[in-house]
Amino acid sequence: MKKKLLSYFLFSFLLIINSCSKEDVIVYPPGLNNRVEELLVQMTLDEKIGQMIQVDRGAVINNPQDITNYYIGSILSGGGSAPNNNLASGWAELYDAFQNYALKTRLKIPIIYGIDAVHGHNNVYGAVIFPHNIGLGATRNPELVEQAARVTAEEVAGTGIDWTFAPVVAVPQNERWGRTYEGFGESPDLVKLMSAAAVRGFQGIDLGSATTILATAKHFLGDGGTTNGKDQGDTQGDEANLRRIHLPGYLSSIDAGVGSIMISFSSINGQKMHGSKYWITDVLKGELKFEGFVVSDWGGIDQLPGDFKSDVQTSINAGIDMVMLPYDYKNFFVTMKQLVSENKISTIRINDAVRRILKTKFQLGLFERPFTDRSLTSNVGSAEHRAVARNAVRQSLVLLKNENNFLPLKKNYTRIHVAGKGANDIGIQCGGWTITWQGSEGNITIGTTVYQAIKKAVSPTTQVTYSSDGSGAGGADAGVVVIGEKPYAEGAGDRSYLNLSIEDLAVINKMKITGIPFVTILISGRPMIIDDALSNSNSFIAAWLPGTEGDGIADVLFGDYKPTGKLPHSWPKNMKQIPINIGDVNYDPLFPYGYGLTY
């Protein structure tokens, strides 16, 4: 009798819940899991499918009513997908406008907005741009990495956004890979240390704080180990070695409480990761007990064999909880309903996915604070934040050569000549994933170039001259040459050869002919082949991709900060040595992993 009464009351409760109108106020009981379950039991299949959808801003900017109509659970901005007003205030307005449409749904479930804030809030004009992860890896300072992530979280929160697709916990094993700079280094131990620090910085002690955001460990699994360093390629080898190299960063990120993990475009021994039930469900969710949610990469399910319907079926059953479509959301919505009706995707699997997503939204406090905290918006790009980035820059620099203690430079020289296009180009200094996906040259955002920083650092009587090609250097007391890679990101950054450009070598040769002593600063996303440039320079600094705060480079040049950076990658003598990594049997690099001079 008691069981019958209990069943009756439960049935009556569900009827009441399902009859709630749009205007009804939903009261959630205390306790996170209770709140999740109470909301989940109210949801229709359509509403659940909507929570699993992530679309790009561009997909709904002209038809935002679809956010309501399809119960869309998440929006992202891919690289360069920005509002017309690309200031912090414009992003806050965009976020709040989208959120308003989400809150028009029956259950008023807020969206979660994701963005690739991978070295600062790098899509936003005027935000502070930190060194890319390869530079942070050179600092060997997890406290600094945590601090950088904390600043980034505050700037992201200042635009309303809740979620960053960072940190990259790849372990790059071949510098030909165009995403090498997104990883902290070639050593699993270094990646493990820095990844956990970044997660702590983004998510803080309380994920529900106004200034914390959700972190994403990516790209699961093995993206840094593809054959020949090919982006989205195939990582081959036995599982024990794969786990030894590529899993430690995920272990430490999960221990640090990371809330989401993104799946890799790449394959393991021929199988696309987006379809791997073994790695996503059995290992990640089962063995490693990851309790957050799993998100696909940009259109990642489309690379699975078969048509769109089979792609959806395979990826969802493999364990992906949220699909970054990023445009085909209507087809996904219909396809998911068909697959459920055909018993090809179970409601149990859908409930697991939605449960994980809802839990995260509750943890972030989105139900209580769905809109931008405008008190944080004015802090984007603040002097306080730039000071943290400046410190990160100077700690990231690795001094590779300092012949006859040429460095530090004197601030009271009569004249210093600065040469090289990279010396006065904030776009080159920041690299890819800056304002746009691939990045670009030029005055793309607010910052201080190396040339500008040098002019600020010297005495009032010192003349600082500049030429992009090295001309006009004759007669100067000292020179500073800035060379390196032009901006790039994934795909376009893959290289067969890592030699310096003819243009860069010409600048060095022109400086050498003048007879003045000079230091060469290499701006790059990875070690390059530098034999002639190194031998012709009195001093040589690997500056990686330092970001907007060029003052940090001047701090090291003039001795206000003694260099402390250590190589996060082994430095090859020539292309024949690549791939080269610490622990190789025949290990004979130009500079070993961990190398770095000081004054």
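A cavity is a set of grid points where a 1.4 Å probe fits but cannot get out. In this predicted model, the structure holds five cavities of 30 Å³ or more. The largest pocket, which is open, has a volume of about 420 Å³. Mean pLDDT for the protein is 95, but residues 1-29 stay under 50.

**Confidence**

- A pLDDT of 70 or more is reached by 95% of the residues, and the mean over the protein is 95.
- Residues 1-29 have pLDDT under 50 throughout, and the model gives this stretch 21 contacts beyond four places in sequence.

**Largest cavity**

- The largest cavity contains about 130 Å³ of space.
- Its lining is made up of 16 residues, and Val118, Asn133, Leu136, Ala149 and Phe202 are the closest to its centre.
- Two or more lining residues come from each of H7, helix H8 (142-157) and helix H9 (188-203).
- H8 gives the most to the lining of the largest cavity, namely four residues.
- By class, the lining of the largest cavity has 12 nonpolar residues, four polar ones and no charged ones.

**Largest pocket**

- The volume of the largest pocket is about 420 Å³, and 23 residues line this pocket.
- Nearest the centre of the pocket lie Gln173, Asn241, Arg244, Ile245 and His246.
- Helix H10, residues 239-246, supplies the largest share of the pocket lining, with five residues.
- The lining of the largest pocket divides into 13 polar, six nonpolar and four charged residues.

**His121**

- His121 sits in the loop between strand S3 (112-115) and helix H7 (133-139).
- The relative accessible area of His121 is 1%, and the cut-off for buried is under 20%, so His121 counts as buried.
- The side chain of His121 makes a polar contact of 2.9 Å with the side chain of Thr159.
- Leaving out residues up to four places away in sequence, His121 touches Ile115, Ala127, Val128, Thr152, Glu155, Val156, Thr159 and Ile161.

Definitions and conventions. Residues numbered from 1 in each chain as written. Predicted model: local features only at pLDDT ≥ 70, side-chain atom pairs only at ≥ 80, totals over all residues. Heavy atoms only, no water. Buried < 20%, exposed > 50% of the residue type's maximum accessible area, 1.4 Å probe, protein only. Polar contact = N/O pair within 3.5 Å; in protein donor to acceptor, adjacent residues only side chain to side chain. Contact = heavy atoms within 4.5 Å. pLDDT = per-residue confidence, 0-100. 1 Å grid on protein atoms, 1.4 Å probe; cavity = no way out; pocket = protein on both sides within 12 Å on 5 of 7 lines; lining within 4 Å. Points joined across faces, edges and corners; volume = space filled by probe spheres on them. Nonpolar A, V, L, I, M, F, W, Y, C, P; charged D, E, K, R; others polar.
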